[in-house]
Every structure is written in structure tokens, then in C-alpha cells.
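Here are my notes on this one, as promised. Have the coordinates open while you read.

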Amino acid sequence: MVIKVFLASSSGSTAIKKKQQDVVGFLEALKVEYAPLDIACNEENRMWMRQNVPEEKKPSNGIPLPPQIFNEEGYCGDYETFFDAKEDNMVYAFLGLPPPPGSKEAEQANKALVVENGTHAEETNAEESLDESIAQAEEEEEQEEEEAEVQEEEEEEEDLEETQEEEAE
């Protein structure tokens, strides 16, 4: 699977340059293999990109701006969707690649697997956490009640001792 990043090597827009650098730098940091395809110097790349970006993802003028990201022939998204995936730790899913073992994204994917009883692990964990929280709150409440009872008994004993001492005098 080849990740294709369509870029403009000679863009006059600093915003586009920064977005391209962000995508490329992040892919390099993750050690994701990708092919940078220049749309400024290669008309074939430009036409392919324009034809393969889905209509709903094209801006109102119909011409998508770089960077545009594909996995082979499949459209992944533009800079905004890439940025959202990056923020959500879902870049590998965005790219259509399996996350490396031990990564945050792999851990999230494992949590999302369906467990035997038909619920998602996240839901099960949330229910277990809620059950644990309720049980802990009940335990704390019982403990407080026991402490209050002990304190009442101690106060009653002190009152009884004081009464006995007063009577003895």
C-alpha cells in the first residue's frame, strides 16, 4: 500500500506550504512510507488528483488544494481531515493502515473490539468503572456510618462516666 501525498512544490501560499510540511513531517515522524506527488510540475498528477477527490470534498470552486492524501487509489482526505485524525490519534485509520503494536491508536482499536457478550470493550469498561465507583461510594458511606456509631458510643460512655463521677461526689 502506497500513501500518495499530492503537493505543490511551487505554491505562492504560505498556508499551503505549512500544511504540506505538517503532513509530510508527521508521516516521516511515524515512519510511514509515502510518495510525494507534485501537482505544480506534473500536469498528470494534477489531473489525477482533481479527478479522484470526491465531489463532496471539493471546495465551492471545484478545485481541491494540496495537500490531498490517498492510499493507492482510495481517497483518505485533505489537510483538515488529516489534522482531525492526528488530534484524535487516528492517523493510521485515516490512512487505511494497521496501527503499529503498542501505539495509542492500536490500544484504542483493541478497546473497540467487540467482546463476547456483544458489547464493546469501551462500554464494558465504562460499566465496570461505574459499578466500581458505586461500590466504592457505598463502602465509604458504610465506613462513615460505622465511624459515626463508634463516635456516638464513645460520647455516650464519656457522658455515662461523667454522670457516675458526679453521682459519686
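1. Start with Gln-68, which sits in strand β3. Keep in mind that this is a predicted model. Is Gln-68 buried or exposed? Its relative accessible area is 3%, so with the cut-off for buried at under 20%, Gln-68 counts as buried. Its side chain has a polar partner, though: a 2.7 Å polar contact links it to the side chain of Tyr-75.

2. What else does Gln-68 touch, leaving out residues up to four places away in sequence? The list is Lys-4, Val-5, Phe-6, Met-49, Val-53, Tyr-75, Gly-77 and Asp-78.

3. Four strands make an open sheet with mixed pairing, ordered β2-β1-β3-β4. From one strand to the next, the twist averages 25 degrees.

4. Beyond its neighbours within four places in sequence, Leu-37 contacts Lys-4, Val-5, Phe-6, Leu-7 and Asn-45. From Leu-37 to Met-49 it is 12 residues in sequence, and 9.5 Å in space between the C-alpha atoms.

5. Two helices to look at against the sheet. Helix α1 (residues 14–29) lies across β1, β2 and β3, at about 155 degrees to β1. Helix α3 (residues 79–87) lies across β3 and β4, and its angle to β4 is about 85 degrees.

6. Which residues of α3 are buried? They are Tyr-79, Phe-82, Ala-85 and Lys-86. Because these residues span an arc of only 125 degrees around the axis, they fall on the same side of α3. The spacing is worth a thought here: an α-helix has 3.6 residues a turn, so residues three or four places apart point the same way. As for partners, the buried residues of α3 pack against α1, β3, β4 and α4 (91–95).

7. Last, check both ends of α3. Just past α3, Asn-89 has a positive phi of about 55 degrees.

Key:
Residues numbered from 1 in each chain as written. Predicted model: local features only at pLDDT ≥ 70, side-chain atom pairs only at ≥ 80, totals over all residues. Heavy atoms only, no water. Contact = heavy atoms within 4.5 Å. Pairing = 2+ DSSP bridges. Axes fitted to C-alpha atoms, helices over the stretch in contact; angles between N-to-C directions. Buried < 20%, exposed > 50% of the residue type's maximum accessible area, 1.4 Å probe, protein only. Arc of directions from axis to C-beta. Polar contact = N/O pair within 3.5 Å; in protein donor to acceptor, adjacent residues only side chain to side chain.
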